Amino acid sequence: MPALTKAQKKLIQAAEDSFNRTYTIQFGEERWRQLLYPALTAPTRYAALVNRYTIDDLEKVLVQEQAARVRSIIFPGTTRSPESMHLTSYQYDDSEAEAMFPPPQPDSASGLMTHWNLDAASLLAVSMLDPRPGDKVLDLCAAPGGKSVALSQLLRPDSYESASPTLGGGCLHSNEVNTGRNKRLASNLQSYIPEVFFKTGEVKVVKFDGTEPFSVQTLPLGPGGYDKVLLDAPCSSERHVIHAHMKAKQSGRVADEMASWRSGQSKKMAKTQVALLMTALKAVRVGGHVLYATCSLGKDENDGVIEKAMELVQKERKKAGITWGFSTRSGDLVDKGLESWAEPTQHGWLVLPDHPSGGKWGPLFFALLEKIEI
């Protein structure tokens, strides 16, 4: 591979300087340089979510030596009984944060996959939305499907019987607009969730563009038809940019992700995110909840999106006469002990891998919103 030219080196340095300058302003130079940036360069930490539709724990997929090194993850506020109402997930000890769980495998009895490996911050967000058996739930940007699988675990009734499976009046509708990703989403969910749920329509994979103003009309349950909506919006994903940059730099290349990065792109991304959030708010019933999430660090894509949605709702009340609004409920989560995982922002919570707890999860921003009648 030819050595980088002076112009290429200059390009790399300029992009990297701009990137670091942006987040130094937000987090402060000491934290960004000494704590957060180094934490973001480390490999992503993974937890294992057990698929309770086929196994009860990870004993089947872990060798004895591995089983002795893992422990259950207890999410904040998970005090409801019975225990089956919670997500069953595991992590290696914090001192082994880079240890990997085995790849998921089909269970010999059911044929369903045993577990899903993902960042525990994603499971925390699902847990904070608090879907319960009987709830009608929409996962608006669901691919590749990890959060939908987690949602399905919490919709599983305590009286669930594999001989006659049912969600007891609840449902899960998972959406992805991109054709290729939609097919992957469908394949993944069918690998984890009992086939009967797809036949009865209790679980559906749908395909519509949530950024279109009237797309909510095409949802199976229509406007106001859902109790809970999860919106894990597409975002700038700075950790991915950092990882791509580090890998390319080590091999003497320029990462497209870093070379094309611009400080103003978050504002462009935020327009898409606001449009998706407005659809999520229209889809949920009055009194229902939306959990908005991104893996972005930037305020424009996090608190800024919540504020812009507030402005748009006010405009629609005057222009279209809508009779609903929304309030942020993220502050209500303080009593659940969320500070052991995340730091509060103006409207939500931000999980970062340099958190003093040593969890090394994230990044993930999330805000819990309640639709209210006005």
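Predicted model: local features only at pLDDT ≥ 70, side-chain atom pairs only at ≥ 80, totals over all residues.

Trainee: Where does Thr88 lie, and which residues does Thr88 touch, not counting residues up to four places away in sequence?

Mentor: Thr88 belongs to the loop between β2 (70-72) and β3 (89-92). Setting aside residues up to four places away in sequence, Thr88 touches Ala48, Leu49, Val50, Arg52 and Asp56.

Trainee: Is Pro102 buried or exposed?

Mentor: Pro102 sits in the loop between β3 and β4, where, not counting residues up to four places away in sequence, Pro102 touches Val61, Leu62, Gln66, His115 and Asn117. Its C-alpha atom is separated by 28 Å from that of Asn175, which is 73 residues apart from Pro102 along the chain. The relative accessibility of Pro102 is 17%, and the limit is 20%, so Pro102 is buried.

Trainee: Which element gives the largest share of the largest nonpolar core?

Mentor: This core has 48 residues, and those that touch the most other members are Leu124, Leu291, Trp341, Val351 and Phe366. The elements that give two or more residues to this core are β1 (47-50), β4 (115-118), α4 (120-129), α5 (146-155), α6 (179-192), β9 (284-294), β12 (349-351) and β13 (364-373). With eight residues, the largest share comes from α4.

Trainee: Which residues is Val351 in contact with, leaving aside its neighbours within four places in sequence?

Mentor: Val351 is one of the residues that touch the most other members of the largest nonpolar core. Leaving aside neighbours within four places in sequence, the contacts of Val351 are Ala121, Leu124, Trp341, Ala342, Trp361, Gly362, Pro363, Leu364 and Phe366.

Trainee: How many residues make up the second, separate core?

Mentor: Among the members of this second core are Phe27, Val284, Val290 and Leu369. The total for this separate core is 47 residues.

Trainee: Turning to the rings, why is the pair of Trp116 and Tyr192 called tilted, and what does the pair tie together?

Mentor: The structure holds 15 aromatic pairs. In the pair of Trp116 and Tyr192, the ring centres are 5.1 Å apart and the planes stand at 45°, so the pair is tilted. Both Trp116 and Tyr192 are buried. Because Trp116 lies in strand β4 and Tyr192 in helix α6, the pair ties together parts that are 76 residues apart in sequence.

Trainee: How many residues apart in sequence are the parts that Tyr292 and Phe365 tie together?

Mentor: Tyr292 and Phe365 form an edge-to-face pair, at 6.3 Å centre to centre and with 65° between the planes. Both Tyr292 and Phe365 are buried. Tyr292 is in strand β9 and Phe365 in strand β13, so the parts tied together by the pair are 73 residues apart in sequence.

Trainee: Which residue lies over the face of Trp324?

Mentor: Two charged residues can be considered here. Arg156 lies over the face of Tyr53, at 5.9 Å from the ring centre. For Trp324, at 4.5 Å from the ring centre, the residue is Lys371.

Trainee: Which element gives the largest share of the lining of the largest pocket?

Mentor: The largest pocket holds about 1300 Å³ of space. Of the 43 residues that line the pocket, the closest to its centre are Ala143, Pro144, Lys147, Asp232 and Cys295. Two or more lining residues come from each of β4, α4, α5, α6, α8 (238-250) and α10 (265-283), and the largest share, four residues, comes from α6.

Trainee: How many of the residues of α5 are buried?

Mentor: The buried residues of α5 include Gly146, Lys147, Ser148 and Val149. This helix is largely enclosed by the rest of the structure, because its buried residues number 10 of the 10.

Trainee: What is the volume of the largest cavity?

Mentor: The largest cavity is lined by Ile12, Ala15, His245, Val254, Ala255, Met258 and Ala259. At least two residues of this lining are supplied by each of α1 (6-27) and α9 (256-259). The volume of the largest cavity is about 30 Å³.

Note on methods:
Residues numbered from 1 in each chain as written. Heavy atoms only, no water. Core = buried A, V, L, I, M, F, W, Y, C linked by side-chain atoms within 4.5 Å. Buried < 20%, exposed > 50% of the residue type's maximum accessible area, 1.4 Å probe, protein only. Contact = heavy atoms within 4.5 Å. Phe/Tyr/Trp six-rings, centres within 6.5 Å; stacked < 30°, edge-to-face > 60°. Lys NZ or Arg CZ within 6 Å of the ring centre and 35° of its normal. 1 Å grid on protein atoms, 1.4 Å probe; cavity = no way out; pocket = protein on both sides within 12 Å on 5 of 7 lines; lining within 4 Å. Points joined across faces, edges and corners; volume = space filled by probe spheres on them.
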